[in-house]
Amino acid sequence: MDEGFETLQQRGPTYELTPWYADGPPAISDICFFSGSEEICILEQSGRIRVFSLLVQAFRPGSIWLSPSPVKIQSSPDGAALLVWERFPVIPAIARDFTTDLPSMKITFIHPGEPGSLQRIPRYFRSMIRDFISRCQKPTDGKLDEIEVQVKSVMDAQGTTSDTHAVSSGQWFVELICLIPVHIAVARDNRFVPLKDGMSSDGLGHRLLGSEVAEIIDEITLGPYEAILGSYMAAKPVRVVSSMGEQSVGKSFSLNHLIDTSFAGSAMRTTEGVWLSLCPTKDQVVIALDFEGVHSLERTAQEDMLLVLFNAAISNLVMFRNNFAFSRNVANMFTSFQAGTRQFDPEHNPTLFKGLLAIIIKDVVDADKTEIVEEFRSKFNEIVRREQGENFITILHDNQLAVMPWDVIQSNGFYTRFKRLSKHLFKQPRTHENAGEFLFTLKTLMAKLTAQDWGAIDNTLIKHRTSAMQVSLEQALVSGQGDMGPNDEWEALKNYDTQQVLECQDTDAIFYLGSTDDGRQERLNKLLERFGPEPARSSTADLQAYLQEAAMLRIHHVRKWVDSNLARFMPSDNADIKALQRQVDDLTTVMVANLQLCLNKCGSCQLRCLRPKAHLAGDHDCGTSVSENQGDARICYLPAGHDGCHIHASSRKSHCVMEAPSLAKIHACCHSTKTIPDTPAAMTGRAPCDANCVHDIARWETTFTELALEPSTSAGKNTLADNHANLLGHAKLYRSRNR
């Protein structure tokens, strides 16, 4: 097969097998190569398996018969199950939370007939394990010895059950996804080019040319890792470790053994650009970034510098591997690092460029370690003296440097050093408080490198965050909800970094931020429905208190949402933050103003107008209707909200719905007191009567058939005060006669 894996090419001459079969060649079911050898395995339909050597062009003397005959055979090297542990760790320095609690592995071989010679498999497997441990010198903590291997016949296997280990489906899917790293960026044509869901396309590259940073941020997605970092594990703290260095020095291999990732690696160049994976532990998420080799023939100095900048800015620990036997010119080795010091200013990016630069010198024997460390330190000191305060160690790595000679591979010291390296990572100050924050910072940094915007990253983060919040602000104030979710439903207000819903008391009320009278009136009517069909008959103080409390709950909720999403940004007096806060103030002012009631006296009765305070047209209206019982002689005819006593008169249209006294009885208005007032409430300044009489009506029995309401000489009709005075006079006369 060619290097592009596109076409098959003939290999070697044609081999004639017919002479090896005296009775003619049998029907052949399958043929496959023996891995790593010049031999092929031939499966005959009869169940016989023979091995043919291409070197000597002859069959091996032995053969085996399997009954029933296998359907298919496939090539697999002896001990293929152990090959994965040669490239990847058995026990990594930083273990996944998922794998730490898994039970021991069990392998069962099921044979269609009697197990026979297959019973030797468990013993043979254990011998391979011993050889592997002795050869590779990898730490195993006894895990491989705990693997249980057994052979069963089909009959014995029937009815048996396997032990299962229950895990959450979400955790299982995360582990599955993390087995496949995602390609996030490349450097080409002297540009940093982010990828979308791990894929590169000319269309995306053209769209990003000349785009604003905010537009580029929205274009960048990390495939399934987007959901893991932005939602499922958004609230977990994050640390970032990266692997960089010269080409083919074991960068991916080292990263895999440090944090249990599965980056591809080989003696040839396999990594292009930047790849991302992660290791979920119990307390945090460890992000791994695998970079292609620097100083390769395929990359320019500008492209190397862009990759170095990205790495130094986002990482907490940078593993820079090099082969000191071939690269003793330290100054040339770190040219791209020094070039990066002229771009971003760390003083304006306080959360970036805080990672330890760990120089890992591969394949160093114990006798040379001290000498090599001293040589490296002296050369770095020379760089610092020459560059002064502009040296890359100070600017890109906050004066943090460690020189680590590394043991020869397949020695015990090679693997134990990963545990020591992990301690360096966890000692580093955490610069990413949670996975959601890291994801936002990562995409913003990638966008700024793409646009070659060297300004402070916090300013960009703030601008993008406040722009998103301004879009959602009106919806937040109106309904207490935020963005539209994936299922076309409004989501609760939450912290954008952690995706956690804010715990805050709020109302389910819907408010109005418009400026029309009709809109205000419609919203007020809906809000006051809880007071019944005619809220004007309720206490105006209660109405105002309800509206004010509902508004304050919503405003407090929205301000908490704003503060939660801006608290991590510095400085707090940023222009974009101030603009958002002004918008919050302006909209809350409008919302509160739209809840103000007119409260002037209704044009038809004594109740208060419940139209918006700023209504421009129309009479004052309390919103009450004429009682359906207005023809009933028992219903008071006076306007709703009137002072004094209830008076019956079926000939008048009435707004008051309180039951008036019958012709034989009178209820003197007492305004929640235990004595009858001597003067009408209108004269005493008391509140209008809205309660039933609290007096025993039996005390006031008398005949009122002769009672007449004498008209006022000044107005030509009875006034409310005249009626009250007349009634009170008769009441006093009755009371004096019965003492």
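Visitor: Which helices each supply at least two residues of the lining of the second largest pocket?
Guide: This model is predicted, with pLDDT of at least 70 needed for local features and 80 or more for side-chain atom pairs, while totals for chains, interfaces and linings use all residues. Residues count from 1 along each chain as its sequence is written, and side-chain values use heavy atoms, leaving out hydrogens and water. A pocket is an open set of 1 Å grid points where a 1.4 Å probe fits, with protein on both sides within 12 Å along at least five of seven lines, and lining residues have an atom within 4 Å of a point. Taking helices as DSSP runs (H or I, at least four residues; strands are E, at least two), the suppliers are helix 1, helix 2 (97-100) and helix 5 (169-177).

Visitor: Which element gives the most to the lining of the largest pocket?
Guide: The lining has 37 residues, with Ile64, Leu66, Asp78, Leu118 and Ile121 nearest the centre of the largest pocket. Elements that give two or more residues include strand 1 (28-33), strand 6 (106-111) and helix 3 (121-136). With four residues, the most comes from helix 3.

Visitor: How many aromatic pairs does the structure hold, and what kind is the pair of Phe334 and Phe337?
Guide: Rings of Phe, Tyr and Trp (its six-membered ring) pair if their centres lie within 6.5 Å, with planes under 30 degrees apart stacked, over 60 edge-to-face and the rest tilted. The structure holds 24 such pairs. The rings of Trp172 and Phe173 are 5.2 Å apart at 80°, so the pair is edge-to-face. For Phe334 and Phe337, 5.1 Å centre to centre and 75° between the planes, the kind is edge-to-face.
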